[in-house]
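Here is a report on a two-chain model. Read it with the coordinates open.

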Amino acid sequence: MSISRIIASKVELRSEIVDLMVTQFSLQKLFAETLYDNVVHSNIDQVIDDSYYFIEAPYIDKVYRDSYYSYFSSKLGNYKKDSIRLSIFKEEIKEEDFRNPDSLTDLQNRYLGFITLRPTTPQIIGRSIISPKALKVNNFLSIAGKFATTANSIKFEVVGFPHSSQDTETISCAETTLWAMMEYFGNKYPEYKPVLPSRIVEVLRIVSAERQIPSKGLNIQQMAYALKEFGFGTRIYSLLEFGAIELKRLFATYIESGVPIIVAVDNRDKGGDVGHALLCIGHDRTAAAQINALPLSAEPNPFIANEIATKNISFFDNSDLDRNFVFVDDNLPAYPLNKFATPTSHYPDASWHNCDITYFIVPLYPKIYLEAYEARNFIKQVLFSLFTIANNSEIFLRFYLASSRSYKHNIALNPTLQDDFKALILETEMPKFIWVAEISNKALIQQPVPEATGLIIVDATEANVSNVKPLILAIYNDELISFDYSIGDFSRKLLPLQKFSIFTDNLKGF
Amino acid sequence: MATKINKTAEVLDKLKGEGKVVSMGTVQDIATISALTDRMKSVRRDYQIKERNSQMRAAQVILTA
């Protein structure tokens, strides 16, 4: 059977897709039209209006084929095994562009990703990767990977985050988030491998008492277990244990660190029936108004709270910013934005609106032994214990995890950092991952290029926090604290530090 | 001819020569670090309980929607 190839503008797309659903998925036309309007339309509507689509059918999608062979093909019903793929381009494309080597660079620059449609009605949105550049609204920073794909037999690359709807039988929300997480990590880092739905079932077999297919969802512990089996040092944080303020700070810290997290939203304690998993992968761009509106940080540690009160310090925490986060939700089009306190308020069904984030799961690199809660506390203890902070000072703390490779690369090319301190950082031995706190104030952090005046770097592989063992270096108020190998102990150095631009490479802008 | 680069040593030697480096082996610094360690022990106990309880409760929360 030959492959149908269609070029369509955004306004022509509906009739072409409906016709293909009729022929490829054997659907009645009216049902296909309803599916398009109720399911596909919202995914296309958010894409820029001058987009063009290269449609290919039949298309063999690896994720749906895995579900088909492991489950759908064993049913009596005649489930089709092929999908439809829509490749998205900015502005008009022509067939001859794909066969002209001189046009390929331009085509690649205009390639914005793809959406697949699978015959699992009504949840037909399959494996998709859409570049945020394709969206009408993309004023956000997010985690994104680079994915190799093809359209009309030509290789392309797209930068984005994997997305799919759940088919509710082989993949519920829980399995879909695990798939998307591994699709991202497996394509980006050699330590991990992408997984297909049947592999998730296989890994969880040992911790499942009942049959796993058709899927009845997963509990959070099962999801964390699967991530552990896939190679992560998984951590679970719950609302009940950490409280709303601290949970949001930890959540925001991991997002600022460029670590995608699995989020559990729930309203069952409020009389609802929703228990749902989604991913968070970024946040909106920080506006001056958000910084100006940031309240003083409510400090839970008695020692630090006392220091702040006694010296009348205005202490602000970047993770307290009232902001939108970027989610990947298998019930919604890609990249919905919403607040931490109201993660599902954009759902069409109002019965979802009162969900809270009750848990989140973090897939940490296995050798990050010092997680965010202890690292945050350690850094604040270092700042308030080892440095003399003047009365009436203002401190804006921005705290995140970074790979030392990315961090040193950024520092090496940072023109605002003075040479002596730059050399000290670059020549300091560091582990693969470091916790970093940038110390600034509200005025400096809202500059067009945000700036800081102090820095604390901590070893993320050092779980023993005795005797400031995790501390790599700290500089604040012209005083540098670092290990001095000539005396075998930490020492204080008087080193005036000019303000410098902050590190922003963990999240990507579009 | 090979060039050895160690700007850290140059910076530290200069600071030491100017009397701008002070060891943190003083009684006061040791007491400060010891108090910091004690506070972090408390943070760790707090975290371990929260982390363990989070994990145990997580087994009861089914995500299906």
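Is Lys50(B) buried or exposed? Lys50(B) counts as buried, at 15% relative accessibility. The cut-off for buried is under 20%, so Lys50(B) falls in that class at 15%. Keep in mind that this is a predicted model.

**Around Lys50(B)**

Lys50(B) sits in helix 2 of chain B. Leaving out residues up to four places away in sequence, Lys50(B) touches Glu241(A), Phe242(A) and Tyr373(A). With Tyr373(A) there is a polar contact between the side chains, at 3.3 Å. Glu241(A) also has a charged partner from chain B: Arg57(B) forms a salt bridge with Glu241(A). The closest N and O atoms of that pair are 3.1 Å apart.

**The interface between the chains**

Now the wider interface. On the chain B side, 40 residues are in contact with 59 residues of chain A. The area buried between the two chains is about 4400 Å². Carbon and sulfur atoms give 60% of that area.

Polar links are present as well. Between chain B and chain A there are 5 salt bridges. There are also 31 residue pairs in polar contact, counting pairs with both residues at pLDDT 80 or more.

Which elements of chain B give two or more residues to the side that touches chain A? They are helix 1 (7–17), strand 1 (21–23), helix 2 (27–58) and strand 2 (62–63) of chain B. Helix 2 of chain B supplies the largest share, 20 residues. By type, the residues on this side of chain B divide into 20 nonpolar, 10 polar and 10 charged.

Strand 9 (residues 218–219) of chain A is joined to strand 2 of chain B by 2 bridges. The two strands run antiparallel. Here Asn219(A) stands opposite Ile62(B).

**Salt bridges**

Side chains of opposite charge can pair when their charged atoms come close. How many salt bridges does a search of the whole structure find? Over all chains, the search finds 41.

| Pair | Closest N to O distance |
|---|---|
| Arg57(B) and Glu241(A) | 3.1 Å |
| Glu191(A) and Lys432(A) | 3.7 Å |
| Arg376(A) and Asp317(A) | 2.4 Å |

Take the pair of Glu191(A) and Lys432(A), which forms a salt bridge at 3.7 Å. Glu191(A) lies in the loop between helix 5 (173–188) and helix 6 (197–204) of chain A, and Lys432(A) lies in the loop between helix 13 (419–426) and strand 18 (433–440) of chain A, so the pair ties together parts that are 241 residues apart in sequence. Glu191(A) is partly exposed, with a relative accessible area of 42%. Lys432(A) is partly exposed too, at 39%.

Glu256(A) is buried, with a relative accessible area of 9%. Arg398(A) counts as buried at 7%.

The last pair is Arg376(A) with Asp317(A), where the closest N and O atoms are 2.4 Å apart. Arg376(A) is in helix 11 (residues 372–386) of chain A, while Asp317(A) is in strand 13 (residues 314–317) of chain A. The two positions are 59 residues apart. Both Arg376(A) and Asp317(A) are buried. They also belong to one network, in which salt bridges that share partners join Glu246(A), Arg249(A), Asp317(A), Asp320(A) and Arg376(A).

**Strand 21 of chain A**

Strand 21 (residues 471–476) of chain A is mostly covered, with 6 of its 6 residues buried. What does this strand pair with? Strand 20 (residues 454–459) of chain A joins strand 21 of chain A through 4 bridges, running antiparallel. In that pairing Ile457(A) stands opposite Leu473(A). Strand 22 (residues 479–484) of chain A is also joined to strand 21 of chain A by 4 bridges, again antiparallel. There Ala474(A) stands opposite Ile481(A).

Strands 21 and 22 of chain A form a hairpin with 2 residues between the strands. In this hairpin, Asn477(A) takes a positive phi near 50°.

How values were computed: Residues numbered from 1 in each chain as written. Chains lettered and ligands numbered in written order. Predicted model: local features only at pLDDT ≥ 70, side-chain atom pairs only at ≥ 80, totals over all residues. Heavy atoms only, no water. Contact = heavy atoms within 4.5 Å. Buried area = accessible area lost by both parts, 1.4 Å probe. Salt bridge = Lys/Arg side-chain N within 4 Å of Asp/Glu carboxyl O. Polar contact = N/O pair within 3.5 Å; in protein donor to acceptor, adjacent residues only side chain to side chain. Nonpolar A, V, L, I, M, F, W, Y, C, P; charged D, E, K, R; others polar. Pairing = 2+ DSSP bridges. Buried < 20%, exposed > 50% of the residue type's maximum accessible area, 1.4 Å probe, protein only.
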